[in-house]
Amino acid sequence: MNYIYFYPEFVRILVCILIIAGICMQCFAFIYKFNSGAKGFKYVCELSFEFSVILLQFIYGYIYSCIYYQTNISIYYPEQYLAVGYIASILFLIMLIATAVYLKQAHITLSICFALPLLPFANHLANGTFTVVLFTALIMFIIRSVHLILKVSKLKRNTITPLSVKESIDALNTGILFCRNDWQILLANHCISNLMTEIFNKEFTSGIKFINEIRNISNTQNQ
């Protein structure tokens with residue numbers, strides 16, 4: 001990463017902005033994934049992998065801040081800082097392969113590009129090539145986070161949940177009332193609730209009481 005010393009100041013600031021933006025977007029993606037409502041060990045694996053992506057970006061930020069600080073002193077290649085990057089990239093690759101194998105999703109291995117700039121051989125590439133690799137990885141972090149947020153949002157909209165069932169029957173113009181075996185109301189849509197309020201000025205908790213009251217009114221009015 002010492003090649004970054006030879007680029008203009010605005011380029012180094014841009015890298016810093018990309019790292020911060022990537023961390024923020026990945027945190028949003030992690031929260032969306034966490035609130036997706038999924039369960040099971042597969043869900044835990046996916047969350048763990050997303051969390052490892054956040055940690056990897058923090059490693060980027062840590063190493064880059066150390067290198068950026070050195071520009072105010074002298075051109076110095078901090079091997080001790082990059083050693084942290086090597087360890088982090090290896091651990092990330094292990095996590096990546098384990099997740100891809102368990103979930104049987106080969107496309108996850110494309111995330112290997114995120115760790116490339118931290119590997120030893122990448123730091124010895126030509127100046128321009130290394131900069132392209134670095135910028136590409138940082139931009140891919142952001143694109144991947146946005147894609148994950150959109151994917152989870154679409155999945156949540158298409159997934160049947162208790163709330164979505166309630167919203168669906170509330171949209172009907174027909175009154176629907178479900179009761180348990182003891183006649184306690186389990187589910188009533190807006191149409192039934194409005195009917196209760198308009199006729200009796202209250203909502204019932206017992207389905208049989210509501211039905212009997214309706215029958216009494218029908219018998220009285222002969223309707």
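# A guided tour of a predicted chain

The chain averages a pLDDT of 78, and 81% of its residues score at least 70; pLDDT is the predictor's confidence in each residue, from 0 to 100. This is a predicted model, in which local features need pLDDT of at least 70 and side-chain atom pairs count only at pLDDT 80 or more, while totals for chains, interfaces and linings use all residues. Residues are numbered from 1 along each chain as its sequence is written, and side-chain values use heavy atoms, leaving out hydrogens and water.

**Stop 1: the whole chain**

Start with a cartoon view. Follow the chain along its sequence and the pattern reads α-α-α-α-α-β-β-α-α.

Now colour by confidence. The lowest mean is that of helix 3, at 76, and the highest is that of strand 1 (residues 177-179), at 89. Where pLDDT is low, the predicted coordinates should not be read in detail.

Of the 223 residues, 37% count as buried (buried means under 20% relative accessible area, exposed over 50%, and partly exposed in between, with a 1.4 Å probe and protein chains only). Among contacts between residues at least 6 apart in sequence, 59% join residues at least 24 apart, where contact means heavy atoms within 4.5 Å.

**Stop 2**

Select Phe 30, Phe 34 and Phe 51, which form one aromatic cluster. Rings of Phe, Tyr and Trp (its six-membered ring) pair if their centres lie within 6.5 Å; planes under 30 degrees apart count as stacked, over 60 as edge-to-face and the rest as tilted. By this rule the model has 7 aromatic pairs. Why does the pair of Phe 30 and Phe 51 count as tilted? Their ring centres are 6.1 Å apart and their planes meet at 55 degrees, so the pair is tilted. Because Phe 30 lies in helix 1 (residues 9-34) and Phe 51 in helix 2 (residues 41-70), the pair ties together parts that are 21 residues apart in sequence. Phe 30 is partly exposed, at 22% relative accessible area, and Phe 51 is also partly exposed, at 42%.

Now jump to Phe 200 and Phe 204. Their aromatic pair is edge-to-face, with 5.2 Å from centre to centre and 90 degrees between the planes. Both Phe 200 and Phe 204 are buried.

**Stop 3: two salt bridges**

A salt bridge is a side-chain nitrogen of Lys or Arg within 4 Å of a carboxyl oxygen of Asp or Glu, and the count here comes to 2.

Pick Glu 46 and Lys 33 to see a salt bridge of 2.9 Å, N to O. Glu 46 is in helix 2 and Lys 33 in helix 1, 13 residues apart. Are these two residues buried or exposed? Glu 46 is buried at 16% relative accessibility, and Lys 33 is buried at 14%.

Then pick Glu 50 and Arg 144, whose closest N and O atoms are 2.7 Å apart in a salt bridge. Glu 50 lies in helix 2 and Arg 144 in helix 4 (residues 127-158), so this pair ties together parts that are 94 residues apart in sequence. Glu 50 is buried at 5% relative accessibility, and Arg 144 is buried at 18%.

**Stop 4: a nonpolar patch**

Select Ile 87, Ile 90, Leu 91 and Ile 94. Together these residues form a nonpolar surface patch with about 410 Å² of accessible area. Patches are made of residues with over 30% relative accessible area and no salt bridge: like charges are joined within 9 Å, nonpolar side chains (Val, Leu, Ile, Met, Phe, Trp, Tyr) within 5 Å. Ile 87 belongs to helix 3 (residues 79-103) and is exposed, at 53% relative accessible area.

**Stop 5: around strand 2**

Finish with Ile 185, in strand 2 (residues 185-188). Ile 185 is buried, at 19% relative accessibility. Leaving out residues up to four places away in sequence, Ile 185 touches several residues, including Leu 177, Phe 178, Met 196 and Phe 204.

Last, select Asp 170 in helix 5 (residues 162-170). Asp 170 is buried, at 16% relative accessible area. Beyond its neighbours within four places in sequence, Asp 170 is in contact with Ala 188, Asn 189 and His 190.

Note on methods:
Helix = DSSP H or I, 4+ residues; strand = E, 2+ residues; numbered from the N terminus. Areas by Shrake-Rupley, 256 points an atom, 1.4 Å probe, with all protein chains shown as cover.
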